[in-house]
Structure formats: structure tokens, C-alpha cells
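Dear colleague,

I am handing over the structure below, and my notes on what was found in it follow directly after.

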Amino acid sequence: MSDPGSEPAVTTLFDAARAVRGRAHAPYSGFRVGAALIDEKGGVHVGCNVENAAYPEGVCAETAAIAAMVAAGGKRIRAIAVIGSGPSMTTPCGGCRQRIREFADTDTRIHLHDPATDARHSLSLEELLPLAFGPSNLKDEIR
Ligand code: THU
């Protein structure tokens, strides 16, 4: 998949996110989320939310997809799609926005789905997390 912003690529990501959402472990919230991302080599990685009886130990779908990418050797997020549950559009939580920031650029597209209209919305990371703190802030400090 050469252009991660192309319509077929985005459709592939949404299809993968929707499929993995079905495997979410969400017995406490009942709120299932799936995420799929494409890395710098064209590899697609997916994740779903995995809740825990000790509530704070649960993991978001986006975080799981990022972990899958890193485990597979991927370095950069070229695009990510998220699909949740409920009547309104699921947007990444604050923590996941920061985790995406670690591996993405300010113009990386984050694709969301509005179930009310069945429309897709594409936002940049900069729109979702303005003035983000990221690896470049530490550039001169790391040796
Ligand atoms: N959740 C995600 O996995 N991603 C999001 O973007 C929003 C929230 C999960 C966390 C928790 O398991 C459930 O959705 C309800 O908050």
C-alpha cells in the first residue's frame, strides 16, 4: 500500500479496525474499540481495547495497535483508523493521542468514523493534539 492516504488504504484500515473491534475484551464498559494503523513499510497493525477487573490496567485499542507495530519492527505511523461503539464518533483519548505522537508527525492523518452519519472524518495529529510535547523536545538532552 504505497499511499497511506488513498481511499483504498483508508478503507483497508477501517475494515481491519472494524474486524479487530469484534475481538475487544470490554466486559466492564461494554464499549468496544478497534484501531488499525499502517506503518512506514506498508504493514498494517491492529489492536482492540483489553479491559481488566482492576480497571486502570485496561489498554486502549490505539495503544494495542501501536504495541503490535513496535513488536513487528515498525517505526512510524503513517495513518491510523479508529472505530468505537455507541451513537457518536469515538475519538482517541488524551493518553492515546500522546502515544500516537511518539511515532507520528504533526500532519499524520487520524481517521475516525461517525456512526450517526456513517461518514469518515480525517484529522491531523496537530488538530487532535496541538502544541504536542514529543521526542524532538528531548533531542538535545538524549545522549
Ligand atoms: N477506549 C479505547 O480503546 N480507545 C479510545 O479511543 C477511547 C476509549 C476504550 C477504553 C475502555 O476500554 C473503553 O473504551 C471505554 O472507555
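In this predicted model, an oxygen atom of the ligand lies 3.0 Å from an N or O atom in the side chain of Asn49, a polar contact being a pair of N or O atoms within 3.5 Å. For Glu51 the corresponding distance from a ligand oxygen to a side-chain N or O atom is 2.6 Å, and for Glu62 it is 2.5 Å. The protein covers 76% of the 370 Å² of accessible area that the ligand has on its own (Shrake-Rupley method, 1.4 Å probe).

The shell around the ligand (residues with a heavy atom within 4 Å) includes Ser29, Phe31, Thr90 and Cys93, and divides into six nonpolar, four polar and two charged residues.

Elsewhere, Tyr28 and Tyr55 form a tilted aromatic pair, with 5.5 Å between centres and 45° between planes (centres within 6.5 Å; under 30 degrees is stacked, over 60 edge-to-face, the rest tilted). Tyr28 lies in the loop between α1 (7-21) and β1 (34-39) and Tyr55 in the loop between β2 (44-48) and α2 (61-71), so the pair ties together parts 27 residues apart in sequence.

Residues are numbered from 1 along each chain as its sequence is written, and side-chain values use heavy atoms, without hydrogens and water. Local features need pLDDT of at least 70 and side-chain atom pairs 80 or more, whereas totals for chains, interfaces and linings use all residues.

Conventions. Polar contact = N/O pair within 3.5 Å; in protein donor to acceptor, adjacent residues only side chain to side chain. Nonpolar A, V, L, I, M, F, W, Y, C, P; charged D, E, K, R; others polar. Phe/Tyr/Trp six-rings, centres within 6.5 Å; stacked < 30°, edge-to-face > 60°. Helix = DSSP H or I, 4+ residues; strand = E, 2+ residues; numbered from the N terminus.
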